[in-house]
Amino acid sequence: MEKKLTFLGIETSCDETASSVVQENDDGTAKVLSNVISSQIKEHEKFGGVVPEIAARSHLENIELVIQEALDKSKKKISDIDGIAATAGPGLVVCLNIGYNIGKSIAAFENKTFLPINHLEGHALSPSIENKISYPYLLLLVSGGHSQFLIIKDLDNYKRIGTTIDDAVGEAFDKTAKILNLGYPGGPCVEKFSKLGDNNKYTLPLPIINRSGCNLSLAGLKTDVLRKSKNLMTEQDRYDLAASFQEAINKILSKKSEIAMKEFLSESSNNSINYFVVAGGVASNETIRKSLKNICLKMNFKPIFPSKEFCGDNAAMIAWAGIQRFKKKLFNTKNEAVKPRWPLDLKAPFLKGSGLKL
Ligand code: KG4
Ligand code: ZN
């Protein structure tokens, strides 16, 4: 029997210090032997957002313990590991450096392969941790820093068909939570308080909903939430505005997903199953999941949502991307340093600011 590859993953691109041990299964999925995530919510709560220097110091304090815990929980020793994969970008450079350098050092000391991994690729490949899924598939990646539609044609072959021209979806949730004083981290708080509100109470703008393909724009929506927040009278008004905001995001993502699905089908129509994968922190949102499942039903796509522990930032997805690259001998050797910006589709134009001609 062929030896199953086992990788140690390390993730420190933002505010989660994470490490995981992952082993490949015979059927193309993964066995996650441990998935340790040390969150810094408490440290950033009073600032209402991630402070890079505080995040870096916290990674430095916790990283050795987190890696040791991941090894202990997996019941593996470092000598059982075939390779080490660490996030090398995109993200906060001061944070990326901590996980990247410790991973590289352990690998050098233990004479193991070291693989620098693109965090977005980790999210993009995360559905196959738990699901037998074949290429190509359509991915909606919605996190705090990124919101993109990508066609995942194969490992290392990604085509971006839509992106946000201003704020990411998670960022819009975080800013709305801050404006409405709903708590931190923003996304889950908006989801929680929306349950108490009327999502039809406020009419909010749906920017570029009927133009520019499946590109997104959310800055105008956030500005309108800010404007309306100045006239709120009661606690109930805040919940109603939160619910109306979430409903606006729902409508935007539903409409844009439908457009992305049509584009996916026009590029690749001979698939036995058309998969629509939603990954990134925002994919945990139940209301959004429900709406996107309905669009899948309408468009005959099979929806795949990673479990919540693999939606937000985690190191299992990094170890898993490492295993897949190792198997295909795609070592990312040109990437000698961490990168704040590292698009998955290098040919796609930069559309933020004035980049999008409407
Ligand atoms: O993927 P992730 O953990 O980190 C990044 O790579 O950014 O995503 C974090 C983002 C944050 O903006 C957070 O507010 C948002 O995902 N988020 C949510 C929910 N849970 C996390 N947004 C809406 N609803 C949620 N339940
Ligand atoms: Zn992420």
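P185 sits in the loop between α6 (169–179) and α7 (186–194); helices here are DSSP runs of H or I with at least four residues, strands are E runs of at least two, and both are numbered from the N terminus. The bond joining Y184 to P185 is cis, with omega about 0 degrees. Another cis bond runs from Y135 to P136, omega near -5 degrees, and P136 is in the loop between α5 (127–130) and β6 (137–142).

Then there's D156, a non-glycine residue with a positive phi near 70 degrees, in the loop between β7 (147–154) and β8 (157–163). For context, most residues other than glycine have a negative phi, and most peptide bonds are trans.

## How this was worked out

This is a predicted model: local features need pLDDT of at least 70 and side-chain atom pairs pLDDT 80 or more, while totals for chains, interfaces and linings use all residues. Residues count from 1 along each chain as written, chains are lettered from A and ligands numbered from 1 in written order, and side-chain values use heavy atoms, without hydrogens or water.

## Around ligand 1

Which residues come nearest to ligand 1? Of the 18 around it (a heavy atom within 4 Å), they are G144, D174, G187, E191 and G281.

As for polar contacts (N or O pairs within 3.5 Å), an oxygen atom of ligand 1 is 3.0 Å from a polar backbone atom of G281. A polar side-chain atom of D313 is also 3.0 Å from a ligand 1 oxygen.

Notes. Polar contact = N/O pair within 3.5 Å; in protein donor to acceptor, adjacent residues only side chain to side chain.
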